[in-house]
Amino acid sequence: MRREPPRTLADYAPLAFPAIMLVVFFVIPFSTMIAVSFFRRQQGGFYTPDFVLDNYARFLSAFFGGVLGFSLMLAVMVAVICVSIGFPFTYLLTKASRRAQIVWLVCILSVLSLSEVIIGFAWSTLFSRTAGITNLLVAVGLMAEPRALLPGFGAVLTGMVYQALPYTILVLYPSLVRLDPTLLEAARTLGASPLRGFFNIIVPAQRNTIVATLIMVFVFALGCYLLPQILGRPQHWTLSVLITDQAIYQSNMPFAAAMAVFLVLISLALVGLTLLIGGTGRQHHDA
Amino acid sequence: MRKLHETRLSRRAVLAAGVAGAGTLAMPSILRAQDRSLKVGVYGGYFKDSFDANIFPEFTKATGIAVESVAEPTGEAWLVQLQQAARAGQAPADLSMMSQTSTLKGQETELWTPLDPGKIRNFDDLLPQFVAKYPDGRVAGIGAVAWYITLVTNTDVYPEAPESWAALWDPANRDRLGLLALVSNSFLLEVTAKTFMGGTDALDTEEGQLAAFEKLAEVKPNVRLWYRDEAQFEQALKSGEIPMGQYYHDVTGLAAADGFPVRSTFPKEGGIQDSGNWVLSRASDKVEEAHIFVDFMSQPEIQGLMSRKVGTAPTLKRDKLDLTDEEFAAVSSEIEPIIPRYDLYTSKSDWLNQKWTEMIVG
């Protein structure tokens with residue numbers, strides 16, 4: 001079927017609603033944030049409209065650089081782990097019976113209904129010494145005595161992967177379920193092992209999906225601010241935690257806004273870089 | 001501010017509020033008969049609910065002045081709203097419960113109408129820390145609510161109660177402490193100064209503040225959790241997962257009364273006493289009603305009622321109160337408290353916050 005390009009103003013009308021939503025819920029708040037990031041902080045007051053660079057200057061220090069680096073590293077790790085687990089899982093899921101797929105998808109969707117707070121507290125209980133999973137290991141004789149698995153980097157990573165994995169699977173699923181099964185059959189006929197077929201045929205065929213999913217999970221993980229507080233030590237606090245501190249507890253909106261703008265710019269740059277590298281070999285597109 | 005207090009709202013308080021609400025609905029004529037009224041801003045959540053249920057009806061009964069309570073947002077948002085409204089000659093509330101830091105910030109712009117001590121009968125019996133004064137001696141605010149943050153322990157893990165805040169520094173307590181995560185709500189600089197530097201006056205200078213940071217950094221290996229969310233620490237304290245830390249005295253007492261193995265100790269250096277004031281917006285014309293209200297709230301019977309029903313520490317001297325020793329110990333102590341250096345959190349808040357974050361994250 002050939003699509004007619006839009007000609008009259010009326011043809012563009014269906015775009016109006018999403019455009020308005022985008023302006024109201026993204027462009028206006030984001031512009032406000034950029035504006036506030038240049039306002040003057042009044043210690044003991046709030047802020048006054050102005051154009052000062054102090055807020056950005058304060059951010060440019062080794063300390064905040066370190067926190068930013070850690071946040072980015074953590075988000076990249078969460079993205080890579082989620083896709084490494086989610087991709088093979090979703091592929092196998094699409095090969096399962098329709099009934100099994102529905103059951104799995106419902107279970108995965110139900111995880112989405114849990115808030116970050118509930119996930120954080122649930123994992124902090126599971127990782128605790130007094131009531132956690134190590135007690136099970138002691139009961140079956142694998143460990144001598146129960147111990148706490150938190151706070152620590154492993155706990156933060158586990159919590160964040162747990163939170164992001166359902167999104168990963170839901171993003172990968174539509175694309176994988178439409179994957180042409182004859183591709184792999186052809187590879188098998190030509191003598192490829194299933195594993196070789198998976199890595200040499202399916203993964204390259206889904207490269208764009210994988211890159212898009214990595215970016216989505218990365219951005220999702222970057223905004224996480226509760227799990228690092230609940231499951232980590234202060235070294236594991238992300239930039240989002242410090243932004244919350246400034247905005248809510250210190251009433252320092254200009255500095256919080258400046259940090260947030262910085263975080264958005266850096267992540268946009270990283271996403272752009274990924275698309276640049278990932279997009280060069282682009283030959284086909286989904287119909 | 002004290003988020004836990006919102007969740008701590010007891011079923012009894014809800015029922016009481018419900019009964020009170022139904023009562024007002026059933027008696028609209030009485031409400032209309034009261035031509036005098038006062039709008040009072042109260043911290044939203046636990047404080048507002050218990051004041052509405054237990055304290056304001058008593059005031060209306062005694063004075064005939066109706067109270068319209070306004071839930072204040074947390075943080076400095078309420079101060080900012082009052083300031084902007086006052087510029088336009090408006091008062092979203094006549095009297096407000098205001099944190100000490102916000103009281104000082106309001107003083108800088110003369111936001112508070114000075115209160116007349118002559119109209120407050122028990123003025124001379126107030127503890128000195130509950131009279132907030134302008135630099136020239138005029139009274140800017142009178143203590144409204146106060147509470148203690150003390151040294152708390154799990155009794156299963158610590159059969160003996162610790163005696164001093166120095167226990168936080170004890171190498172034997174490695175990885176066992178839960179402390180508040182912000183410089184402006186943990187007041188640990190003050191604790192450090194009182195315990196090791198002879199008093200909070202040591203924080204007068206920047207050298208003193210840096211020395212306190214240095215001493216406080218020694219506590220880091222002992223800290224398992226720097227908490228913002230109170231429920232998180234309370235749960236860990238009850239289970240013994242994190243057996244020592246700083247926490248609210250009254251809440252810990254309630255948990256102990258419920259049978260949890262926890263205790264709250266006033267260390268020999270004193271508990272940390274945080275509080276809020278009643279302040280009157282300069283845009284309000286209810287000056288007389290406001291004085292009647294502050295006078296009423298500062299009576300020994302009402303302070304006693306608040307200690308029993310709301311769990312606040314009394315603002316009056318111990319010997320003026322009708323509280324039994326047990327009731328008094330549940331909310332307060334006669335050991336001289338550590339009073340936070342609120343002045344520092346107005347003049348040097350950003351610097352202190354930056355140093356603090358670098359200390360605990362770095």
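In chain B, 12 residues of domain 1 are in contact with 12 residues of domain 2, where contact means that the C-beta atoms of two residues, placed from the backbone, lie within 7 Å. On the side of domain 1 of chain B that touches domain 2 of chain B, α1 (3–7), α6 and α14 (325–331) each supply at least two residues, and α6(B) brings the largest share, four residues. Helices here are DSSP runs of H or I with at least four residues, and strands are runs of E with at least two, numbered from the N terminus. The model is predicted: local features need pLDDT of at least 70 and side-chain atom pairs count only at pLDDT 80 or more, while totals for chains, interfaces and linings use all residues. Residues are numbered from 1 along each chain as its sequence is written, and chains are lettered from A and ligands numbered from 1 in the order in which they are written.

Domain 1 of chain B covers 3–146 + 275–331 and domain 2 covers 149–272 + 337–361, with bounds from an automatic or database domain assignment. Their centres, taken over C-alpha atoms, are 28 Å apart.

Next comes the contact between the chains. Chain B and chain A each give 24 residues to it. On the side of chain B that touches chain A, α6 (100–108), β7 (223–227), α10 (230–239) and α16 (349–361) each supply at least two residues. Of these elements, α16(B) gives the largest share, seven residues.
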